[in-house]
Structure formats: structure tokens, C-alpha cells
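This note sets out several points for a colleague who has the sequence and model at hand. It begins with strand pairing and then turns to a helix and to the protein as a whole.

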Amino acid sequence: MCTPNGIARLLPQRSCSSHVYLLKFFSILFWLPAFILLPATAVKAQFAIPICTTSLQITNVGGSGIVCNPNPCNWSWSGTPGLTFSCGNCQFTNITAAAPGAYTAVLSFSGSSNGSLTYSLFFGAVDADNDTFLNCDDCNDNNAAINPNTVWYKDFDNDGYSTGATVTQCEQPAGYKLASQLTATSGDCDDNNPTTYPNAPELCNGIDDNCDAMIPVNENDADGDGFRGCQGDCNDNNAAINPNTVWYRDVDNDGYSNGMTLTQCAQPNGYKLASQLTATSGDCDDNNAALNPLTVWYKDADNDGYSNGMTLTQCAQPSGYKLASQLSATTGDCNDNNNSIHPNATETCNGIDDNCDNQIDEGNICCPAGNVLYVKASAAGADNGSSWTDAYDDLQDALAKAGQCANITEIWVAAGTYKPTAGMDRNASFYMINNVAIYGGFPGLPGQEGNFSVRNWVSNASILSGDIGVTGDNSDNSYNVVYNAYTALTNSAILDGFTITGGYTDGDGSGGNKQSWGGGLLNELAGSPLIRNCQFTGNTGTYGSAGFACLFNGSPKIINCIFKGNSSSNFGGAVVTVAGGTAIITNCTFYGNSAPIGCIVSQDVPITISNSIIWGNSGGILFPGAPVTHSIVQGGYLGTGNLNVDPLFVNAPAGDLHLQACSPAINAGTNTGAPTTDLDNNMRPFGGTTDMGAYEFLGAQPVPVASCKPYAAALNAAGQVTILPANVDNGSTYGCSGLQSMAVAPNQFSCANIGANIVTLTVTANDGSTATCTATVNVNDPVPPTATCQNVTVELNGSGMGSITTAAVNNNSADACGIQGMVLSKTSFDCSNVGANTVTLTVTDNNTNTATCTATVTVNDNVPPTASCQNVTVELNGSGMGSTTASAVNNGSSDACGIQGMVLSKTSFDCSNVGGNTVMLTVTDNNTNTATCTATVTVNDNVPPTASCQNVTVELNGSGMGSTTAAAVNNGSADACGIQGYGFEQNRF
């Protein structure tokens with residue numbers, strides 16, 4: 001149907017192509033609600049009705065609300081030339097247009113009061129786009145491609161390709177396009193997927209994207225691993241190989257991975273699948289196929305290339321184990337703790353089977369050419385004692401060799417720990433030999449053979465230990481670390497530079513002497529050896545003397561030795577001599593030794609002690625009449641030069657028994673019989689006289705030393721400060737005599753001393769010696785001034801301004817060191833500040849300290865405004881009233897703080913005020929000050945009266961004359977200000 005632009009709907013008798021339509025009038029009334037009853041002659045409405053013909057038939061209007069009498073109405077058309085009308089019997093009218101175009105027609109009704117209707121009629125349609133469809137039928141007469149015969153192609157996924165399905169209609173259906181809007185009108189194999197169409201790129205999704213009825217081979221997932229060839233699957237025939245495949249590193253191809261992985265499709269070089277491996281982790285060296293969890297390791301603890309046949313199977317190399325390929329032989333080593341002992345080793349003159357052939361020395365017993373044997377626990381050479389490289393690793397071997405060879409006079413022992421036996425024989429001990437000096441403390445470096453000067457038993461500790469069993473368990477230790485027995489030793493038998501520890505005697509004295517006496521060293525019927533520069537420590541016993549014992553004659557010399565931490569459950573924690581045995585002890589130190597009965601015990605022959613310190617033990621000296629001289633004995637002991645005072649060790653609990661600088665043992669010994677060196681191998685005496693104990697003090701004894709530090713001194717509120725010596729003392733020392741006093745000068749300061757001041761600290765020791773130092777005392781003033789304020793009043797001037805000074809607010813602010821200045825937070829005031837204002841006074845003293853106080857500044861405005869008037873004129877109105885205002889009279893009255901209001905003494909005027917009137921204008925400013933001025937108000941009455949006349953009749957008298965009066969003619973004339981009089985031109989007739 002033709003739809004005339006939403007105005008009316010035409011009912012076709014034929015198609016639009018026939019150009020004939022029937023327009024029923026009742027339809028017009030239904031669709032065009034503007035048809036309403038109006039008075040006659042009214043224009044009801046105007047409508048535009050496009051039609052596709054030049055002929056229109058309109059039927060009667062019966063039932064339409066048009067009321068005609070008689071009925072039907074007599075009605076007619078008139079309008080624009082070019083229209084012809086035929087009325088027939090007036091039930092309908094044919095309207096014909098000469099040509100397509102716009103026409104105006106007026107429908108008139110006769111016999112009705114409903115007037116007329118005017119129409120704009122458009123006859124004849126057009127075909128603007130030449131598509132053979134008129135505009136009333138065409139849905140888009142500007143586009144020839146869109147009309148009722150338009151073919152629309154389905155393109156639901158909007159990819160420019162159609163499946164070939166079409167719809168023919170005017171309007172565009174949803175999901176359809178014109179052929180011109182498409183790349184192709186057919187061929188889309190999936191119109192629900194915009195990526196699927198002819199010639200589309202394949203998207204690696206397993207579907208036919210380009211509609212060629214084929215799926216590319218590389219989009220298949222033949223092995224079902226979830227990856228296609230186009231997704232990177234490098235082997236679509238093996239589900240185990242894809243981009244998520246985990247490859248395990250096995251660079252050495254031994255079937256074991258070190259746990260490192262790569263996740264990728266292709267097999268990386270040096271990587272395998274888990275299924276190709278024995279284990280996916282645990283390979284300790286992935287660059288060596290010989291090293292993996294099944295690797296067999298052969299024990300070679302001494303690293304000589306020979307194993308004793310013991311094995312371990314594991315990945316990592318155990319300590320002391322090697323691969324078979326790293327060994328000369330995987331079995332046969334008869335001593336895997338000595339790298340010089342193995343099959344094919346060179347047999348040396350050492351008393352052991354070096355080459356594992358079950359023979360010892362094989363006829364190679366020999367003595368070295370020189371007089372020195374070398375012992376080094378870590379030596380790895382020929383083990384013959386001929387050099388540090390070929391040193392004996394066991395001191396017992398050197399002692400045995402020295403006993404065999406008369407040319408051996410010295411045994412040099414390198415730093416290390418040496419035990420009497422490698423086994424568990426508690427009777428094993430070291431021993432001393434006449435004419436043989438056993439020296440410890442050598443570095444043991446090759447090339448130092450024969451160089452005695454490199455010896456230092458402090459830094460190169462040579463330890464003789466009886467701890468042969470379980471470490472730390474003394475119950476299985478050697479009874480005696482050193483045991484000299486049944487030989488007439490002389491002072492040519494020397495033990496020098498050793499630490500002797502770990503001996504344990506647990507006998508009760510009833511059995512053998514070896515088990516009951518001298519855990520560190522037992523000298524039994526063995527003469528008088530020389531023990532020098534040794535430390536006896538950590539030896540224990542249950543009966544007599546844990547450290548040293550001399551039995552049955554003999555008189556050993558003990559020089560520069562330390563006995564500490566030795567303990568006996570019975571007597572003689574450090575030294576015991578019995579049954580004719582004795583000892584000569586010189587420059588030795590005894591500390592921390594314990595026994596219920598005495599630290600040093602002699603049964604019958606007195607022990608000779610000199611230059612020694614016996615302090616901090618559980619017991620002292622227990623023997624009758626022993627000659628003890630120049631020694632410190634805790635608890636006191638009679639004898640020349642003996643003391644009972646703290647020797648002041650540096651740190652005895654930590655084992656440091658050196659002397660402090662103020663030790664009373666310094667220079668308190670005797671040079672007679674004293675050694676020429678101390679336990680540190682330092683020369684004695686130092687300072688003229690030999691010190692007591694094993695160590696010589698080498699420093700200078702303290703004298704008073706004054707040490708100063710700067711001090712900041714703060715003045716008090718009075719501007720004064722006094723300092724004390726402690727304020728500038730920085731740990732001054734007072735020598736060994738103690739402090740007597742300290743003084744500082746000057747010590748008093750005031751404001752005049754602000755800044756740096758040099759003072760002198762004098763330190764006086766108890767012996768009267770003094771020392772001084774200088775310090776800088778920085779005097780500062782931290783005390784703020786005292787700020788005091790007072791309230792003030794400010795009067796504003798005529799300009800509305802006022803001010804104050806700091807001096808006005810200040811109320812004797814003060815500071816002990818003087819005021820530098822004062823600043824007021826606000827000094828100027830104006831009208832906005834009238835009333836109370838709080839201001840702050842900041843006072844700064846001469847040292848920049850500040851303080852504040854507040855004051856109230858009361859601002860007053862007592863200046864009246866300026867009142868200025870001007871004369872005005874008031875015109876009375878017709879009622880005789882008039883008025884003016886204060887603003888009319890005001891002539892620029894003003895005030896610096898503003899005008900609050902103006903009042904006029906009189907504002908209303910009437911007829912009684914006509915003329916000049918004096919009025920007063922009162923002006924009040926914002927602060928209630930007032931001023932007045934006067935003006936003249938001139939009142940004018942310029943309103944004319946209202947004249948009202950009435951006709952009168954004058955009767956002529958006999959003389960033909962007559963008259964009337966103004967009052968007779970006046971008919972209530974009036975004026976608000978009154979009538980002055982009446983008059984008219986002629987009053988006689």
C-alpha cells in the first residue's frame with residue numbers, strides 16, 4: 001500500500017501504478033482529528049495529502065459530526081485553478097488535477113454551521129531515482145537500489161560473504177545486505193562465524209575457515225595431545241612431544257638428570273624425556289657421565305692413589321673417596337690414613353711397613369746425617385725426620401730414632417697436636433732423653449730447616465695431648481702425657497715450648513705410681529730434666545698432682561711455665577713432690593688449678609720457688625719450710641719479696657695471664673737465677689728488674705693522662721652557668737696510683753661568654769703527678785626571653801585608619817642576655833577592625849631565642865560622619881499630597897567606615913506646606929556616630945482645580961435683562977488645596 005508520510009492512509013482500489021485512489025471522507029475524519037465543530041466561516045484545518053493519481057473521489061460525510069439541515073449537506077469545492085470538481089448528487093465529489101502538483105481546495109458546506117475545510121492536495125507521484133517505483137510506493141526514492149523489488153542477501157556474521165539465501169523486499173532485513181555491500185553473494189560455509197568465508201585465512205582451529213571443503217593437515221591433532229601442527233606441535237604422531245613437553249637435562253648422557261628442565265616442543269640438545277631417563281633428578285655432575293647415583297667410589301682417605309677396598313655407591317664424591325679411574329689400585333692400601341704408605345711405596349727408615357709387603361724397614365735402619373730430627377703432624381713426605389717435608393708425623397718415631405742415634409741432639413716439632421699413641425693404650429706416654437732437647441713451636445715450612453729463629457711456640461702451638469680415646473672423655477686418656485721413669489736424666493734432657501694437656505690419672509695411690517701421679521708429666525726416679533716455656537693445662541687426677549709430679553729423688557727445673565686448669569680430687573692440683581723428689585720452679589704462673597689439699601704440695605723435700613705467681617687456685621702452697629722468694633702467693637707466704645696482692649692478669653678467666661700495666665708483679669722479682677727470656681720469648685728483664693710470673697711486661701706503666709672533650713654549657717634564666725670537671729673529662733686516666741682530684745678553670749660563664757671558650761682540665765693522681773688538657777666549652781643561651789604584653793586602644797582617624805607600635809604593647813619584656821628586637825603581628829587597623837583585636841608580640845633576645853605574648857587592641861571609631869544636604873522641590877499631587885526621601889536630600893554624605901543609615905526629619909508634605917520648609921537630615925555611620933545637616937524643601941502646588949459647570953436658565957425681566965452667578969453655574973468644582981474663587985465671562989443677559 002502507499003503510505004502518505006504518516007498523515008493519512010489511502011485505501012487503494014487498484015495498485016499505485018493505476019494512479020486511481022478512493023479517499024473516503026470518514027477515513028479523513030478518523031485519521032485527521034483536527035475535524036472539530038467550529039462556528040461558521042472558521043477555517044477548520046489544512047492538510048497535505050500526497051496521492052499517486054490526478055483523480056480523487058470524496059464520498060459523503062454522513063456520520064462524521066458535520067450537521068447539515070437538510071441532509072445531506074449541500075457542499076462544494078473551490079480552490080486553485082487547475083482543479084475540476086464534479087458534485088453529482090453531492091454524495092461524493094470527483095476532484096481531478098490538470099497535472100501533478102500542489103493545489104488548494106476549499107470544502108464548503110451549506111445548510112450547516114460548520115463552516116469550511118481547506119486542504120492542500122498533492123496530485124501525482126514522482127520517481128526520483130528512476131527505479132520504476134513512484135515515491136509513494138518506493139521506500140527510498142533517492143536510491144535506485146532500494147525498492148520493493150530489492151534483493152537482500154543474508155550475511156548474518158557480517159563478514160562480507162553471503163550463504164546465497166535472499167529476501168526480496170523494500171526494507172533491509174536484519175542480517176542481510178545488498179549485493180553491492182558484499183564481497184560475494186554466495187559461498188559462505190558458516191554464516192555464524194565472521195572468520196569463516198571463501199578465501200579466509202586458515203586460523204589453526206581445526207575447521208574449514210576458507211570454505212574450500214578442506215581442513216589443512218597441520219590443523220589436525222593426530223596424536224590427540226591437544227596441540228596441532230599449526231600450534232607448534234613438532235611431532236603430531238607422538239603425543240609425548242608437544243609444546244608442553246618437559247625435557248630433562250642429561251648433558252653427559254648417563255641416564256640421570258640434574259633436575260633442570262625445558263618445556264618446549266623440539267628436543268633441546270643435551271635433554272631427554274623422563275621416559276628416556278633412569279632418574280629425572282639427582283645427577284650431581286651433568287657434565288661427567290661417570291658421576292651419577294650409581295657411581296662407585298673407592299676410599300682413599302690419605303689421597304695416595306691407593307684404596308683399601310672400601311666403597312660407597314652414590315652421586316656426590318664422598319670425602320676421602322675417588323673413582324677407580326683416579327686410583328692406581330682399588331685395593332691393597334694397608335694404611336689409608338698415611339699417604340706415604342701404600343703398595344709400591346718407597347720403604348723408609350721409619351720402623352713401619354711403608355710398601356704394605358708385611359715387612360718393616362727391610363734392612364734400611366739408618367740414622368740421619370745431621371743432629372736434628374723434624375716432626376710435623378701433617379708431613380706427607382718420606383717420614384724419616386730428615387726435613388720438614390720428610391718429617392716424622394709421630395713424635396714417638398723421632399724419640400725412638402733419637403734413642404737409637406747418638407748424633408741426634410735436638411728434635412724440632414712443628415705446630416700441631418701429638419698423642420702418645422694412635423691406639424687406646426692408656427699407658428702410652430712421651431718421654432725425655434739425655435742430651436736431647438725437644439723443641440716445639442716451629443712453622444714446619446720447607447726451606448726453614450736449620451733456622452731456629454723461626455720458632456714461636458705462641459703462634460705455632462705444639463700440643464702434647466693425652467686425649468687418645470673419645471674426644472672430650474678423659475676416662476680413656478693416657479695416664480701421663482710425658483713419663484720419665486728410672487733413668488738418670490740431667491738438665492741436658494730438655495722439653496721446651498709445648499702445651500701439655502689431657503693426662504688423666506685415676507689410680508688411688510695403692511697401685512702403680514703411673515696411674516696415680518702426674519697426669520701432665522711424671523718424673524719417677526728419673527733425675528733432673530729441664531722443662532721450659534711449657535703450659536700444663538687441662539690435666540686431671542683422682543689422687544695426686546694432675547699437672548706435674550716428681551717421685552723418688554730428682555730435682556727437675558721448671559722455668560717460664562704456666563700451670564692452669566689442672567685438677568686433682570685429692571691433693572696437689574698443679575705440682576706434687578714426694579719420697580725425696582723435689583723441683584726448682586722459676587718464673588712460673590699457677591692459676592685455676594684445683595685440689596682439696598693444696599695447689600703445690602711437697603711431702604718431704606722442699607720445693608724451691610722464685611719469681612712466680614700462685615693466684616686464683618683452690619689451694620696454695622703446702623710444704624714445710626719451702627724457700628719461696630719474690631713471688632705472689634695468694635693468702636700470703638713468708639719469704640723475701642713475697643706479696644699477697646692481686647697480680648692483675650689481663651684476662652685470667654679467658655686464659656690470658658699476661659700482666660696488666662699496673663700489676664704489682666712488674667719489676668718485683670729478682671734477676672738472680674732468672675731466665676733471659678719469658679714465655680713469649682721476649683727478653684728479660686724489661687725495665688731493669690725481672691717481673692714475677694711467666695710473662696715479662698714490656699710496656700710502660702701508666703702515668704696520669706688528661707683527656708678532654710668539648711662541652712655545651714647552657715646559661716640559666718639569670719644568664720649564668722657553672723661547669724664541673726666531669727663535664728669536660730673524656731676518660732682521663734690516673735696511672736697506677738689512682739685519682740686524687742680533677743679541676744677545671746675557668747668554670748663560670750655568663751652572657752658575655754656566649755660561643756667557644758677554652759678551659760683547662762687538671763688531673764692529679766694519688767702520687768701527686770699531674771696532667772692537663774684543654775677543652776672547648778660552647779656556652780649557649782637556650783632560655784627564651786620573658787614576653788609581657790599590655791592592652792592598648794586605637795582611635796581611628798577621619799580616614800578610618802589607626803596604628804600602634806610594639807613599644808605601646810610591650811610591658812617590660814626582658815631577657816638576661818638582652819633583647820634584640822620585638823615584632824608585632826599587626827600594627828595597622830581600619831574600619832574592619834573596630835572592636836577587640838588580638839595581636840601577638842614576638843620578642844627575640846640577643847641569642848635568637850623567641851617568646852610571645854598576646855594583647856587586646858581595642859579599635860574605636862569616634863569620628864562622626866560628614867552630613868551633606870541639598871535643597872529639593874516637592875510637587876503636590878491632585879490630592880494635595882507630596883513627599884521626598886532622605887536619599888533625595890542627601891548630597892553625598894560620607895564616612896570612612898561607611899553609612900549605616902539616614903533619617904529625614906520630615907518626608908511628607910501637604911497643602912499647608914506649600915512654599916519653603918526646613919528639614920534636618922541625620923546621618924548615622926556604621927559605628928553609630930551621627931551628624932546632621934539641613935535643607936530647604938520647596939513645596940509647589942501646580943495642579944489646577946477641577947471646574948465643573950451646570951446649565952442654568954436666566955429669566956429676562958421686564959427690561960429684557962437677566963443675570964446669573966458663578967455659584968449658580970458651578971457644579972461642584974474642587975481643588976485639594978481649596979478654591980480661591982469663581983468667575984465667568986458673562987453673567988448678564
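How many bridges join β16 to strand β18, and in which sense do the two run?

1. The model is predicted. In it, β16 and β18 (residues 321–322) run antiparallel and are joined by two bridges. Within this pairing, Y298 is placed opposite K322 of β18.

2. Strand β16, which spans residues 296–299, also pairs with β17 (residues 311–313). That pairing is antiparallel as well and comprises three bridges. V296 has T313 of β17 as its bridge partner.

3. Helix α2 covers residues 395–404, and its buried residues are L395, Q396, A398, L399, K401 and A402. An α-helix has 3.6 residues a turn, so residues three or four places apart point the same way. The list of buried positions in α2 includes L395, A398 and A402.

4. Against which strands do the buried residues of α2 pack? Their partners are β19 (372–375), β20 (410–414), β21 (416–418), β22 (437–442) and β23 (462–465).

5. The N-terminal end of α2 is capped by D394. One of the side-chain oxygens of D394 lies 2.9 Å from the backbone nitrogen of Q396, and Q396 is itself listed among the buried residues of the helix.

6. For the protein overall, the assignment gives six helices and 66 strands. Of its 989 residues, 43% are buried. Among contacts with a separation of 6 or more, 56% are between residues 24 or more positions apart. The accessible surface is about 45400 Å², and carbon and sulfur atoms contribute 50% of it.

Note on methods. Residues numbered from 1 in each chain as written. Predicted model: local features only at pLDDT ≥ 70, side-chain atom pairs only at ≥ 80, totals over all residues. Heavy atoms only, no water. Pairing = 2+ DSSP bridges. Helix = DSSP H or I, 4+ residues; strand = E, 2+ residues; numbered from the N terminus. Buried < 20%, exposed > 50% of the residue type's maximum accessible area, 1.4 Å probe, protein only. Contact = heavy atoms within 4.5 Å. Polar contact = N/O pair within 3.5 Å; in protein donor to acceptor, adjacent residues only side chain to side chain. Areas by Shrake-Rupley, 256 points an atom, 1.4 Å probe, with all protein chains shown as cover.
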